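Reader: Please take a close look at the aromatic rings in this model. I would like to know how they pair and what surrounds them.

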Amino acid sequence: MSYGRYNHQGYFGESFVRVLASAAGLIAGQQDVDHTGVDFSIDFPGTRGTVRFPKIEAQVKSWSSPKGTDLDWLYPMDVRHYNNLAGEGFAVSRYLFLVIVPADAGQYAQADETSLRLSHCGYWTSLRTSPVIDQATQRHVTVPVPKRNLLTVKGLRSLLEPRPAQRVSAS
């Protein structure tokens with residue numbers, strides 16, 4: 001491969017997400033320039049509940065040497081990328097999509113007359129309740145990505161479900 005292993009792996013990870021979004025009937029759009037830490041804006045083309053045209057944003061990372069526990073992948077992440085997802089205050093919900101890929105790029109996809117199989121799988125996590133980290137004191141952080149958060153067609157669509165409205169108490 002002429003453009004480098006990590007570029008090839010990253011492109012496959014992004015393509016994996018794009019295929020899932022397409023299968024889910026969603027629109028995955030990439031930004032022209034990555035200044036905000038977002039690889040995709042994923043939109044629902046219609047109304048879900050009371051929300052018109054809901055959307056999420058995702059940063060996609062691919063990983064060919066996964067490590068973790070029985071419950072979580074433990075993904076080492078640059079603090080700069082982490083901070084683009086961590087904390088409150090985003091107008092649109094942001095997620096980390098972690099795509100676990102084979103070490104051998106020749107195993108990324110297998111196709112025959114009846115199916116296309118992409119290897120291996122993706123997971124998601126929200127860092128909304130995680131603290132922003134001071135980049136002057138820390139350069140890397142380990143992010144737990146729950147293995148129960150499998151990125152599937154149904155799971156991806158559920159990330160666009162309207163959140164319950166917060167109740168305002170009269171005082």
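Author: The count comes to 5 aromatic pairs. Here rings of Phe, Tyr and Trp (its six-membered ring) pair if their centres lie within 6.5 Å; planes under 30 degrees apart count as stacked, over 60 as edge-to-face and the rest as tilted. This is a predicted model, in which local features need pLDDT of at least 70, side-chain atom pairs count only at pLDDT 80 or more, and totals for chains, interfaces and linings use all residues. Residues are numbered from 1 along each chain as its sequence is written, and side-chain values use heavy atoms, with hydrogens and water left out.

Take Trp-63 and Tyr-75. Their ring centres are 5.1 Å apart and their planes stand at 80°, so this pair is edge-to-face. Trp-63 lies in strand β5 (residues 55-63) and Tyr-75 in strand β6 (residues 72-78), so the pair ties together parts 12 residues apart in sequence. Helices (H or I, at least four residues) and strands (E, at least two) are DSSP runs, numbered from the N terminus. Trp-63 is buried at 9% relative accessibility. Tyr-75 is buried too, at 10%. Buried means under 20% relative accessible area, exposed over 50%, and partly exposed in between (1.4 Å probe, protein chains only).

Next come Trp-73 and Tyr-123. Their centres are 5.8 Å apart and their planes are at 65°, so this pair is edge-to-face. The pair links distant parts of the chain: Trp-73 is in strand β6, and Tyr-123 is in strand β10 (residues 121-125), 50 residues away. Trp-73 is buried, with a relative accessible area of 14%. Tyr-123 is buried at 8%.

Trp-73 also has a charge over its ring. The charged end of Lys-147 sits there, 4.2 Å from the ring centre. The rule asks for NZ of Lys or CZ of Arg within 6 Å of the ring centre and within 35 degrees of the ring normal. Arg-48 does likewise with Phe-44, its charged end sitting over the ring at 4.9 Å from the centre.

One aromatic cluster is formed by Phe-12, Phe-16 and Tyr-108. Phe-12 and Phe-16 are among the buried residues of helix α1, which also include His-8, Val-17 and Leu-20. Helix α1 (residues 5-23) has 19 residues. Gly-25 follows α1 and has a positive phi, near 75°.

Now the sheet. β5 and β10 belong to an open sheet of 5 strands, in the order β1-β2-β5-β7-β10, with mixed pairing. Its edge strands are β1 (27-30) and β10, each pairing on one side only. Two strands pair if DSSP finds at least two bridges between them. Strand β7 (residues 94-100) runs antiparallel to β10, joined by 5 bridges.

Helix α1 lies across β1, β2 (40-43), β5, β7 and β10, running at about 140° to β5. Contact means heavy atoms within 4.5 Å. Axes are lines fitted to C-alpha atoms, for helices over the stretch in contact, and angles run from 0 to 180 degrees between N-to-C directions.

One more aromatic residue deserves a look. Phe-53 has a positive phi of about 50°, although it is not a glycine. Phe-53 lies in the loop between β4 (51-52) and β5. Phe-53 is exposed, at 52% relative accessible area.

Conventions:
Expected span 1.5 Å × (residues − 1).
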